[in-house]
Amino acid sequence: SPFVLFLAGWVWWRIMTETLTLIVQDGEDIFNAIEDFTKQNDIGYGMVVSAKGAMKKFNLIGHGRKGTIDNVSNTAEFEVDAMSGKIQKKGDKVTVKMNALVSSSGFTPLSGELISGKASGKLVIGIKKIDLKKMIEA
């Protein structure tokens, strides 16, 4: 039945993954914090699954208002509405690709690939650590 398949998938997901919490401090570079956190927690492959807080001094690449691809830089504080992405570590090299949706009061929300940014206050990021060895064995 569909419920049994759903339940089996949920159990598999819970066994194969672990959710970790990264707290990026005010003014700290988001990508440097993720890279250090990845190495400290031995994350070979992970997914950014959530974020709560704000960021500033960020750079996004996303769709512009006229259908163009725009590079958006902003120094003001924006609330992080959503964040997703993937993290991969090979040897000592950590690769991070993240998308963010941010908003500020009175402004249209901005979304796109996050190229750089700093935390404003505390930015809490949820990272799903995926154990590829367990997946291959399953």
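Which strands each supply at least two residues of the lining of the second largest pocket? In this predicted model, local features need pLDDT of at least 70 and side-chain atom pairs count only at pLDDT 80 or more, while totals for chains, interfaces and linings use all residues. Residues are numbered from 1 along each chain as its sequence is written, and side-chain values use heavy atoms, with hydrogens and water left out.

The chain has 3 helices and 6 strands (DSSP runs of H or I, at least four residues, and of E, at least two, numbered from the N terminus). Along the sequence their pattern is α-β-α-β-β-β-β-β-α. Of the 138 residues, 34% count as buried (under 20% relative accessible area, with a 1.4 Å probe and protein chains only; exposed is over 50%, and partly exposed lies in between).

The strands in question are β2 (45-63), β3 (69-74) and β6 (110-130). A pocket is an open set of points on a 1 Å grid over the protein atoms alone, where a 1.4 Å probe fits, with protein on both sides within 12 Å along at least five of seven lines; lining residues have an atom within 4 Å of a point. β2 gives the most to this lining, with 3 residues. Among the lining residues are Leu60, His63, Arg65, Asp70 and Ser111.

Strand β3 also contains isoleucine 69. Isoleucine 69 counts as exposed because its relative accessibility is 56%.
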